[in-house]
Amino acid sequence: MINFTAVENISRRDVLKMFGAVGGGLVLGTSGVSWSPMLMAQEKESVLNLFVAVGTDNKVYLTCHRSEMGQGIRTGLTQVLADELDANWEHVVVVQAPADKRLGSQNTDGSRSIRKHYKTIRQMGAMARTLLEQAAAQLWGVPITDVYAKGHQVHHSNSDKRVSYGELAVSASQLPQPKPDSVVLKSRQDFKLIGQSKPIVDMQAMLTGGAQYGYDIQLEGMLYASILRPPVLGSEINSLKEEKAKQVAGVIDIIRLPVLKGAPKFQPLGGVAVVATNLWSAMQGRQALEVSWTQVDNSNYDSSNDTQELINKVQGPGKVVREIGKNDILWDTVKKLSATYTVPYLSQAPMEPPVATAQVTEAGCEIWASTQTPQSTQKNVAMAIGLKESQVKVNVTLLGGGFGRKSKPDFSVEAAILSKAVKRPVKVCWSREDDVQHGYYHAISAQFYQAQLDEAKKPLALLARTGFPSISSTFAEGIEYPSAGELDLGFVDVPFVLKNMRYEAVKSTAHTRIGWMRSVCNIQHGFGVGSFVDELAQNAGMTCFDMWRQLLGPERKETFADQNFEYSNYGATLSAYPVDISRYLSVMDAIENAVKNSPKLTGNQAWGFAVHRSFVSYVAVATLVEMPSSSKVKVVKTFIAADVGTAVNPDRVISQMEGAVIYGLSLALTGEISFKNGQVQESNFHDYPVLRMMQCPDIEVILLPSDDEPAGVGEPGVPPVAPSVTNAIFALSGKRIRDLPISQHLQV
């Protein structure tokens, strides 16, 4: 059994102390830069942001600056480093980094941890390898061209001499570091670990209970807090009776939290916290509170009314956000097809609800949290309790799922405020109900599509509109339109070849906290465009595959030139990650072949299809459904084909695609958060269900081989799932579902 350490939150000094026990080692870093093996600017973000050390214990230490939440980043980064360093897999130890600005961005989101750091990690490994080779050449008095690193040792080409990395660590550490661009990276044909399936490095710890999640943190003298938050965004405590709560055994204190002011940002929602010696007492004390709340503008909010308002808006003119050709004349003709699609509010619903432990002392604050954004946690905690950021240490535990919810550090801020108040460590534990009813939600939305058709009912022109409250509304008041970065997510960036297209956005007001969720706006946009293309195909008597091929046009690299918008491309350049039509077609071909080679369908079965590019990856999905009756649907089989570029760990990619299907099916079949009188109506998995085992189809992942740069993995599998299901339902029953979830129309 490979023996990897579990998550360790230790500093560079701690690593050096470990080395001290064995005589020192090679630490890749520069003066004043604790974590990076390369020079980087102190005051600006840099991609050169990971820390590598080689100890005289013959181990290689990799500090991972990204959060592990099941996606396998701690394993993938280790594979890249070990391969380039030619280190033995079992001798690499992963150390989880705390918050540190010098690491560059630590935000684990956007499916970018590998794609943004693949080259950097390889350079780190190559730098360390070069230093070890130089040290061996000096040891033997031979030219460096006569030595080579292999299998955790440096070998002499002209003899049987060899020396381990650990034996060279001290002498190598005294050599000047090579510049990152000067080192020679391995050729792809020499890879030994990149592209190989490896079990995640934390597997043994997870299986034996040794892994440390946010809820596992225990500190001496620690108290627990359960918080009663306002039921409506912006409301405050009107009256509070604490007497019954104080009588609950174990309750230590009852504390009012600061009232939320202005844009929500990452502020706590407010309310009142019950602090106790154990979680049960805190929860019981909270239930005993008698609270009334003030009425605010959002107290009259009803999401069903908002849905209808959005539908009305997207059927009228909006702000043009992309345009090609002249469209005004075309819409007056009679041959056209139009449809409107809606997606409700959605909750991330990770299996581990938000949790954070804080210990505030005179010297500063230390946080232990299952967070996707340790630096944002550091910043917001410091602001909330009046400290410098340097006085706040944030330790990152394993995350029991994140999906974007744990990118918001409000729960860590709550813990810090309470610890400062009671002068003891405090763990704030969100319940499932807290998470469902007080989160940062994926926005309610409506999309309108209209196509101008020729005599053969094939599209000549396209008009598309989208409307939803923007994530930007969480950070600034008065936001009315979606941001360009949100419109880039599966809406304006669909590379159709029609000569006349207009894309518009309409206004929408936020009545709750809007936040990131796995795949973000690709969720609603993927559903809208994936459904409408199928409607066009059905109307023209074509297969959905063929309609997509017609709309995408010939193989090319789309630049969106002269179309009135600048594409952000998920933070990547179009030169490095072009919008490549051939890759669309490849995943489509793979799925079409899989469907054709599947067993013959029964009379109550049908396939549905959709394809989508997001996070610079290409994913196509075909879903087989059956309807035992006219009112019930069952998902039987899902094929998902993915082109994610170079797959560092294919097993993790396959697992992520399987998880994306399950996540996407949860959203499509039953996902819905609703508001009445400003309050979320759902509370737990009984009324906000996620996919059950009996609902889960057979999932087959087709991973296309590729030598392209690594692309996103965690999020791209979600968007095509919902339209593939609703398209299958139409193919089988003739019932077109344009409003999610499907459970509002059929029994699932």
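**Cavity lining and salt bridges in a predicted model**

User: How much space lies in the largest cavity, and how many cavities of 30 Å³ or more does the structure hold?

Analyst: The largest cavity holds about 120 Å³ of space, and the structure has four cavities of 30 Å³ or more.

User: Why is the contact between E352 and K406 called a salt bridge?

Analyst: The closest N and O atoms of E352 and K406 are 2.6 Å apart, and because the criterion asks for a side-chain nitrogen of Lys or Arg within 4 Å of a carboxyl oxygen of Asp or Glu, the pair qualifies. The two residues come from distant parts of the chain, 54 residues apart: E352 sits in the loop between strand 14 (336-343) and strand 15 (355-360), and K406 in the loop between strand 17 (392-396) and helix 10 (410-422).

User: How do you know whether E352 and K406 are buried or exposed?

Analyst: Buried means under 20% relative accessible area, so E352, at 8%, is buried, and K406, at 0%, is buried as well.

User: Which class of accessibility do E480 and K507 fall into, and why?

Analyst: The side chains of E480 and K507 also meet in a salt bridge, at 3.7 Å from N to O. E480 has 41% relative accessibility and K507 has 36%; because both values lie between the 20% limit for buried and the 50% limit for exposed, these residues count as partly exposed.

User: What makes the pair D643 and R583 a link between separate parts of the chain?

Analyst: Their side chains meet in a salt bridge of 2.8 Å, N to O. D643 lies in strand 26 (residues 632-643) and R583 in helix 15 (residues 581-596), so the contact ties together parts that are 60 residues apart in sequence. With 5% relative accessible area D643 is buried, and R583, at 10%, counts as buried too.

User: How many salt bridges does the structure hold, and which residues are linked in a network?

Analyst: The structure holds 40 salt bridges, and D546, R549, D589, E592 and K596 are linked by such contacts in a network.

Notes:
Residues are numbered from 1 along each chain as its sequence is written. This is a predicted model: local features need pLDDT of at least 70, side-chain atom pairs count only at pLDDT 80 or more; totals for chains, interfaces and linings use all residues. Side-chain values use heavy atoms; hydrogens and water are left out. On a 1 Å grid over the protein atoms alone, a cavity is a set of points where a 1.4 Å probe fits but cannot get out, and a pocket is an open set with protein on both sides within 12 Å along at least five of seven lines; lining residues have an atom within 4 Å of a point. Grid points are joined across faces, edges and corners, and a volume is the space filled by probe spheres set on the points. Helices (H or I, at least four residues) and strands (E, at least two) are DSSP runs, numbered from the N terminus. Buried means under 20% relative accessible area, exposed over 50%, partly exposed in between (1.4 Å probe, protein chains only).
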